Amino acid sequence: MVKIEFIFDTRKKRNEVKEFYESLGLISTVQKNMLRITSSDEISIVSAAQSKISLRAKNHKEILETHKDLQRDLETVHLEEDVQISHEYREHHIPFRIKLTDPLGNDVSISPALSPKTVGIMTSGGDAPGMNSAIWAIVKAANKNGAKTLGIMNGYEGLVNDTVREITEQEAYLHMQEGGTFLKSARSMKFKTEEGLQLAIETIKRHEINAIIIIGGDGSMKGAGVLSKACPDLSVVFVPGSIDNDIPGTESIGAATALHRIIEAIDCIESTMVSHRRGFVLEVMGRDCGWLALCGAFATHAAYAFLPEYPQEEKWKEHLNKCISVKKQKCTYVILAEGAKHKNGKKVSADEVCQAMEDMGIETRAIVLGHTQRGGSPCATDRLIAPTLGVAAAEVALSRPGAYAVYISDTEKVLDLSVCIDICKRAESIMQQPGGISKIRGKDFVEMHNSFKMECMAADTSSNPTNKAQSSSKKEVYGAAIIGTVGAGAETVLNKMVEYSSVYNKEVLNLSKHSYFSKRMPKMKKSELEGSLSQLKELIAEKGISTLILIGGLDALAESKRLYSLCDNIYVIPCTVSNNVPGTTVSIGADTALDTITALCDNLKISMTKNIAYLVEVHGGACGYLSVSSALAVGAIDCYFPEETGVLSRLTRTLKALSVSFKKTSIPKLIIRGNGAMKGVCNDTAARILEVDGPGTYTVRQCTLGHVQKGNRPTAVDRVRAARSALFIFTAPPGKSVLGVSRWSPTITKIESAILEVNEEKRRVKRAQWLEMARIYRVLN
């Protein structure tokens with residue numbers, strides 16, 4: 001091996017330079033006027049040329065702890081000047097490059113030098129859509145850090161029977177958009193025995209597995225705890241994957257897709273309900289957790305929801321009758337979680353609910369959705385959750401010993417596995433305590449249930465005496481308008497506002513068709529604009545509108561500034577596919593757009609044409625949310641997003657990636673480009689460059705998705721977010737605010753603060769939370 005060293009022929013800042021490189025762990029010696037820097041056991045010199053020095057360090061964690069102010073290359077190399085990033089380095093991250101500058105102005109980059117490891121991956125228990133995407137992310141992240149990846153077939157049964165084989169990036173990529181798990185899954189009784197556990201330990205030792213990542217539900221988590229105690233030197237990492245979403249403190253891979261399937265089924269059934277004036281009882285999964293049933297009811301027009309967390313009282317039939325009578329819909333249906341029960345512990349059956357509705361004079365049918373909820377490709381939300389958890393799991397497995405669970409809320413988090421197991425074991429008893437359901441299922445779960453219950457009982461004056469007084473008092477009037485081009489879900493916000501208005505004794509007026517909003521054009525004459533504004537002021541005064549709701553993107557935010565003095569309360573609900581409005585993690589409509597993009601890209605990926613790459617242009621303007629999230633969701637080989645600078649550098653990067661990739665496999669590749677990226681170079685030109693300047697072993701075709709990305713009906717996730725926003729409007733603090741959503745929880749940002757966060761010229765947020773995804777994408781690519 002060639003030993004690399006470098007010499008500074010200068011006395012200038014010699015002491016500072018010497019201290020700087022010694023602090024990194026390198027060896028420095030002074031020889032006359034020369035300062036010689038050489039490698040050590042902890043850190044080695046990879047290259048040193050043209051003021052650029054590359055190092056590889058075993059002690060990269062110590063360097064991070066010593067130099068707290070280092071710039072870490074977590075997202076991208078070159079960003080446009082207006083983009084601000086908060087580098088949220090978390091302990092489990094393996095920074096693939098630390099960037100700093102020495103006292104002489106030389107660029108120094110330090111990559112981690114990890115000892116080679118073997119990582120075992122298994123899926124256990126019930127399968128969940130998105131597991132394959134998580135496996136792909138684990139394999140890519142592990143391979144990039146020099147680890148070997150082994151697939152353990154059939155869960156714990158595979159450990160017992162030694163059905164273990166190596167899995168490659170190419171194999172994982174082929175399966176990432178499919179439902180289920182290509183590693184197969186099973187529930188193993190043998191593993192629970194002492195003999196089976198010993199066989200599993202022998203398999204781990206035989207294959208020299210240093211770390212094992214287990215994807216599954218609460219039963220799989222308990223198995224991970226047993227394994228970690230039996231093999232104390234083994235790194236064990238648990239990743240939640242369960243469609244029931246029943247693991248406290250995290251979202252599980254597959255839950256959003258299962259909800260997606262339920263909403264799809266309801267959409268299909270509603271037409272036949274209306275045609276025959278029938279009622280339906282839809283039984284959904286959820287043995288111990290009613291998350292699917294509750295969210296399914298909350299996002300649709302269900303009259304009632306039976307949940308395991310809230311046992312039915314003796315007079316449940318009377319309550320059901322009142323709830324159905326309140327719902328003045330074209331069709332009537334209720335949602336039943338399979339684990340719903342009565343106060344006496346007896347299970348609530350679909351037949352008895354059907355009979356109760358028949359007694360009300362409603363012809364009723366029961367439908368058990370069953371395993372259709374598990375099937376099909378993962379939805380867009382799961383395609384982002386799965387690789388996020390997968391990358392975090394791989395980084396934890398490679399960087400530390402011990403037993404951990406990787407959870408996700410706003411961001412990924414690493415927790416002690418034994419603590420998580422203990423909470424799962426005590427979950428049922430905790431839920432029996434006052435406030436216990438909120439602790440286990442979360443505040444959002446309780447709020448959704450309470451709002452659903454309040455809505456159903458709004459007209460029941462006998463059980464709610466305040467209704468009589470409220471109905472006789474004057475209702476507060478809210479005015480709502482959809483502004484500009486919006487994403488899917490805007491109408492859902494309006495419809496849900498109307499539904500919830502009766503609960504809070506409010507009146508909602510739809511102002512979307514008012515001339516000020518409907519005829520508003522960028523080049524509208526000032527006199528026409530002032531005339532329409534005067535009419536709007538008169539209407540607000542005439543109707544006594546106290547609160548104005550503006551639903552849309554940056555146009556809605558700008559409108560709130562113009563109408564600032566019209567009402568005491570003005571709320572902006574972000575609803576745009578571009579996700580470029582401050583005050584929210586994800587805008588309503590963005591998930592629907594992303595879901596549409598992933599479905600279209602899947603069609604390109606399964607093409608039978610060999611050695612072809614597709615340059616896919618997506619929406620977003622100057623905001624790169626859709627391009628980065630799409631690239632992560634579909635496993636694109638490269639991504640061009642507007643916040644990143646450089647044209648030639650990015651095309652060169654892609655050329656290298658395509659050449660290397662097509663040497664390994666001939667399956668189609670995807671390159672995602674935001675329509676606001678690389679201004680001056682059209683999609684067709686970029687595709688031609690990538691093909692002509694390549695080695696001639698592949699072709700590149702451009703594909704512009706256009707307005708089809710906006711989608712049709714909003715996804716289940718967008719419907720839940722829209723309903724949450726609509727409900728929060730009536731309880732939000734008075735004032736002028738942007739009402740956003742973080743996961744499922746509503747958030748508040750003052751309009752004045754939100755406006756300051758916007759780059760009006762480029763129409764995007766200066767400090768975007770979603771840019772954290774770019775770090776995950778770069779780890780994988």
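This is a short tour of one protein model, from its overall build to a few single residues.

First, the ground rules. The model is predicted, so to speak of a local feature we need pLDDT of at least 70, side-chain atom pairs count only at pLDDT 80 or more, and totals for chains, interfaces and linings use all residues. Residues are numbered from 1 along each chain as its sequence is written, and side-chain values use heavy atoms, with hydrogens and water left out.

Now the whole protein. There are 27 helices and 31 strands. Both are DSSP runs numbered from the N terminus: helices are H or I with at least four residues, strands are E with at least two.

Next, burial. Of the 781 residues, 58% are buried. Buried means under 20% relative accessible area, exposed means over 50%, and partly exposed is in between, with a 1.4 Å probe and protein chains only. The areas come from the Shrake-Rupley method, and for residues only the protein chains shown count as cover.

Leu24 sits in the loop between helix H1 (14–23) and strand S2 (27–31). Leu24 is buried, because its relative accessible area is 0%. Asp351 is in helix H11. Asp351 is exposed, because its relative accessible area is 62%.

Distances next. Leu24 and Ala350 are 326 residues apart along the chain, and their C-alpha atoms are separated by 67 Å. Asp351 and Lys140 are 211 residues apart in sequence, and 48 Å apart in space, C-alpha to C-alpha.

On to salt bridges. The structure holds 26 of them. The criterion is a side-chain nitrogen of Lys or Arg within 4 Å of a carboxyl oxygen of Asp or Glu.

Start in helix H8. Arg261 forms a salt bridge with Glu264, with the closest N and O atoms 3.5 Å apart. Why are these two about one helical turn apart? Because they are 3 residues apart in helix H8. Arg261 is buried, at 17% relative accessible area. Glu264 is partly exposed, at 38%.

Another bridge joins Asp267 and Arg713, at 3.3 Å from N to O. Asp267 lies in helix H8, and Arg713 in the loop between strand S27 (699–704) and helix H25 (716–729), so the pair ties together parts that are 446 residues apart in sequence. Asp267 is buried, at 17%. Arg713 is partly exposed, at 48%.

Then Arg278 and Glu363. Their closest N and O atoms are 3.2 Å apart in a salt bridge. This pair also links distant parts of the chain, 85 residues apart. Arg278 is in the loop between H8 and strand S14 (279–284), while Glu363 is in the loop between helix H11 (350–359) and strand S17 (364–368). Arg278 is partly exposed, at 22%. Glu363 is partly exposed too, at 35%.

Salt bridges also form a network, which links Lys443, Asp444, Glu447 and Arg724.

Now the surface. Which residues form a positive patch? They are Lys192, Lys222, Lys229 and Lys425. A patch takes residues with over 30% relative accessible area and no salt bridge; like charges are joined within 9 Å, and nonpolar side chains (Val, Leu, Ile, Met, Phe, Trp, Tyr) within 5 Å. Lys and Arg count as positive, Asp and Glu as negative, and His and the chain ends are not counted. The place of a charge is NZ of Lys, CZ of Arg, CG of Asp or CD of Glu. Lys229 is in helix H7 (residues 218–230). Lys229 is exposed, at 72% relative accessibility.

Last, two backbone details. Asp162 has a positive phi of about 60° although it is not a glycine. Asp162 lies in the loop between helix H4 (156–161) and strand S11 (164–166), and is partly exposed at 26%. Asn245 also has a positive phi, near 60°, and is a residue other than glycine. Asn245 is in the loop between strand S13 (235–240) and helix H8 (255–276). Is Asn245 buried or exposed? Buried, at 10% relative accessibility.

Terms used. Accessible areas come from the Shrake-Rupley method with a 1.4 Å probe; for residues, only the protein chains shown count as cover.
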